[in-house]
2 protein chains.
Amino acid sequence: MANKKAVVLLSGGLDSVTVLAMAQQQGYECHAMSFDYGQRHSSELIASAKIAKQSGVEHKIVPLNLRLIGGSALTDDIDVPDYEPDSDEIPVTYVPARNTVFLSVALGWAEVLEADAIFIGVNAVDYSGYPDCRPEFIQAFELLANLATKAGVEGKKLSILTPLIDLTKAQIIQKGLDLGVDYAQTISCYQADDHGKACGVCDSCVLRKQGFTAAGVKDPTIYI
Amino acid sequence: MANKKAVVLLSGGLDSVTVLAMAQQQGYECHAMSFDYGQRHSSELIASAKIAKQSGVEHKIVPLNLRLIGGSALTDDIDVPDYEPDSDEIPVTYVPARNTVFLSVALGWAEVLEADAIFIGVNAVDYSGYPDCRPEFIQAFELLANLATKAGVEGKKLSILTPLIDLTKAQIIQKGLDLGVDYAQTISCYQADDHGKACGVCDSCVLRKQGFTAAGVKDPTIYI
C-alpha cells in the first residue's frame, strides 16, 4: 500500500509543530503549508521553514496578503492587547476567515497531491475563543471539502484531522516532547521580534507559558 | 435603513459582470473582488478593473498565486483543450478548490465590511461541470461561512447568493442586456491574448458563443 499522504498546516507555533510530529508518527507522508499573510509575527515563517526542513518534509509558503482586508490586530493597525483571563469576547487578534482561507488553499494542494487528509492544529481547550477553531467549524469544512473538489466527486474522501482539539496546552506539550519536538524552535507570540523573541504578555504567549508550567516542564521560550 | 452590502466575486467574464449588475439592481452596495491567481487569461483582470470602475464600485484584486499548487490547464503547463460537447468528465481547466478559495477570502472581506451577502456567478446549466459550481457546494459553503466568523457567532447571517445558478447562458445574456451590461468589455476565454482577444474554441468561448446565438443577439466578442 502506498503511504497515506497529508497536507499539514504549519504556522511554526507550538501547536502546529506538534501536529506535524503526530502526523508523521501516524505514518503520513507530510507536505507542510504556511502562509505569509502579512502577520506581524513573520519570524514564525522562518521557524516553520527550519522545522519543515528538519522534519524532512516538503514545505510551501504561500504569499497571501490578508492586510488587503484587515480587520485584525495581526493584520491591521490595531495594537495586540495583553492577555485577558476569562474573557468571553472574541479578541481583536482574530483574523477574519483565516482558518477558512488556509484550509481552502490546503484543500487545493491536497487535491493535486491526492492526499487523504489535512491536519490543522486547532484546539478548543486552552485557546483564544476564535470561532474557526471549534469542532463544528471543522466538521462543516470537511463536509464542504468533499463537495468542492473533483477528487470528492469521484469518491476520494478527504479528512480534516485535528488531533489537538480536545487537549490542554500541557497535554500538547507533553505529547510533543514524547515525539522529540524541540519547542525552543517554535514561535507562538503574536508580536515576536525579528529574532523570534516573544513578548510574554499577549494571549498566545500567556497560554503557552501556562502550558509549560502546567506540564511541569522548563519553558524554552526566549522573551524580550 | 442602511444599504445592504455585498461582496461580489468579479472575474471580468460574462457571468460575474451580469451578477454585479443584478446585485446593484437589487439595491446592494457592492464591493468587487478579483484574484490574480496565475491564470493564463490575465487580461480578464484588466476587464474586471474597468468594469468595476464604470459600475462605481470599490474593487480589490487579490494576488494569490495558485500556480504554487498547479493541477489545472489554467495554472499549470497543461494545454487548454478545445470544447468537447456532452462530455461527462470534469475538464482539465478545473482549478483545484478555486471557488472555495475565492469564497473564503471574500468571506474575510465580507466580515470586515459587515456585509450581508457574497454574490458569485456560478451556474449549473450551461457550464463546464466543475464540482464547485453545484448548488450543494454553495449550500455547504453558506453553512460553513456562518460558523467560521465572529460575525456568524454573533448572529449576523451571511448569504451566499447565486442568481445565475438555474439560468441558461442565453437567459443570463438577456438579463444582462436588460440591465445595460456591455458584453464587449467582458472576457470569458480561458486563453485570451494580452489584448483580450478570445480563442473561440475553448469550453468557455464555445458556451459563450452558443449563448449569444441562443439569445438571438450579436456576439460582440473579438476573436483571434
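## A tour of a predicted two-chain model

Start by selecting Leu167(B). Leaving aside residues up to four places away in sequence, Leu167(B) touches Asn123(B), Val125(B) and Ile172(B). This is a predicted model, so treat every stop on the tour as a prediction.

**Stop 1: around Leu167(B)**

Where along chain B does Leu167(B) sit? Leu167(B) lies in the loop between β5 (159-161) and α6 (169-178) of chain B. Now pick Val125(B) as well. Leu167(B) and Val125(B) are 42 residues apart along the chain, yet their C-alpha atoms are separated by 6.5 Å. Is Leu167(B) buried, exposed or partly exposed? It has 18 other C-beta atoms within 10 Å. A buried residue needs 20 or more, and an exposed one has 12 or fewer. Leu167(B) therefore counts as partly exposed.

**Stop 2: all of chain A**

Switch to chain A and colour it by secondary structure. You will find seven helices and five strands. Follow the chain along its sequence, and the pattern reads β-α-β-α-β-α-β-α-α-β-α-α. The radius of gyration of chain A is 17 Å, and the globule rule gives 17 Å for 224 residues, so chain A is as compact as a globular protein of that length. Turn the model around. The C-alpha trace of chain A spans about 50 × 40 × 30 Å along its principal axes. Of its 224 residues, 51% count as buried. Look at the contacts in chain A with a separation of 6 or more: 69% of them join residues 24 or more positions apart.

**Stop 3: the sheet**

Select the strands of chain A. In what order do they lie? They form an open sheet of five strands in the order β3-β2-β1-β4-β5, with parallel pairing. At the edges are β3 (58-63) and β5 (159-161) of chain A, each pairing on one side only. From one strand to the next, the twist averages 25°.

Zoom in on β1 (residues 4-9) and β2 (residues 28-36) of chain A. This parallel pair is joined over six bridges. Click Val8(A), and then find Ala32(A), its bridge partner in β2(A).

Next, show helix α3 (residues 98-113) of chain A. This helix packs on the sheet and touches β1, β2, β3, β4 (117-119) and β5 of chain A. The direction of α3(A) makes about 155° with that of β1(A).

**Stop 4**

Move on to Glu114(A), in the loop between α3 and β4 of chain A. Most residues other than glycine have a negative phi. Glu114(A) is not a glycine, but its phi is positive, near 60°. With 12 C-beta neighbours inside 10 Å, Glu114(A) counts as exposed.

Jump to Glu114(B), in the loop between α3 and β4 (117-119) of chain B. Here phi is again positive, at about 55°. Glu114(B) has 12 C-beta neighbours inside 10 Å and counts as exposed.

**Stop 5: where the chains meet**

Show both chains together. Chain B can be laid on chain A by a turn of 180° and a shift of 0.0 Å along the axis, with an RMSD of 0.0 Å. The two copies are thus related as by a two-fold rotation axis. The same surface serves both copies, as 100% of the contact residues of chain B recur in chain A.

Now select the contact residues. There are 35 in chain B, in contact with 35 in chain A. On the chain B side, β3 (58-63), α3 (98-113), α4 (135-148) and α5 (150-153) each give two or more residues. Which element gives the most? It is α3(B), with nine residues. Finally, colour this side of chain B by residue type: 23 are nonpolar, seven polar and five charged.

Methods:
Residues numbered from 1 in each chain as written. Chains lettered and ligands numbered in written order. Predicted model: local features only at pLDDT ≥ 70, side-chain atom pairs only at ≥ 80, totals over all residues. Least-squares fit on C-alpha atoms with pLDDT ≥ 70 in both. Contact = placed C-beta atoms within 7 Å. Helix = DSSP H or I, 4+ residues; strand = E, 2+ residues; numbered from the N terminus. Nonpolar A, V, L, I, M, F, W, Y, C, P; charged D, E, K, R; others polar. Rg over C-alpha atoms; globule rule 2.2 N^0.38 Å. Pairing = 2+ DSSP bridges. Axes fitted to C-alpha atoms, helices over the stretch in contact; angles between N-to-C directions.
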